Amino acid sequence: MDTAAELEKARALSRFGRHKAAAEICQRILERQPNRADALLVLGSIAYDLGDSRAAVGFASRIVDRTPAHPGAAIRSEGHTSELQSRL
């Protein structure tokens, strides 16, 4: 199965509440492609759905760190991430 198909499967599993299986797929993808932002995004969504907002922010930060062209990089460079974290 190619990475795009794996990600789609992880998204579908997550939508149906099978978060552990979805997270395992994303972790396998990240073992092969550590900078894969969409796998990090799925993991962040799972964390958020499970009520772990700190982990969700952590995954979002990893996306920005690994993808400097990501729109969130501007937020980080302006120092707004600590403000967001303080609101959690």
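**Entry 1**

I began with Arg32, which is partly exposed at 46% relative accessibility (buried means under 20% relative accessible area, exposed over 50%, partly exposed in between, with a 1.4 Å probe and protein chains only). I was working on a predicted model, where local features need pLDDT of at least 70, side-chain atom pairs count only at pLDDT 80 or more, and totals for chains, interfaces and linings use all residues. Residues are numbered from 1 along each chain as its sequence is written, and side-chain values use heavy atoms, leaving out hydrogens and water.

Next I looked up what Arg32 pairs with: Glu6 forms a salt bridge with Arg32, their closest N and O atoms being 2.4 Å apart (a side-chain nitrogen of Lys or Arg within 4 Å of a carboxyl oxygen of Asp or Glu). Glu6 sits in helix 1 and Arg32 in helix 2 (residues 19-32), 26 residues apart (helices are DSSP runs of H or I, at least four residues, numbered from the N terminus). Glu6 is buried, at 9% relative accessible area.

**Entry 2: the other salt bridges**

My search of the whole structure gave four salt bridges. Arg11 pairs with Glu8, closest N and O atoms 3.6 Å apart. Arg11 and Glu8 are three residues apart in helix 1, so about one helical turn separates them. I also found Glu8, Arg11 and Arg15 linked in a network of salt bridges. Arg36 bridges to Asp38, with 2.6 Å between the closest N and O atoms. I noted Arg36 as partly exposed, at 23% relative accessible area, and Asp38 as partly exposed at 23% relative accessibility.

Definitions and conventions
Helix = DSSP H or I, 4+ residues; strand = E, 2+ residues; numbered from the N terminus.
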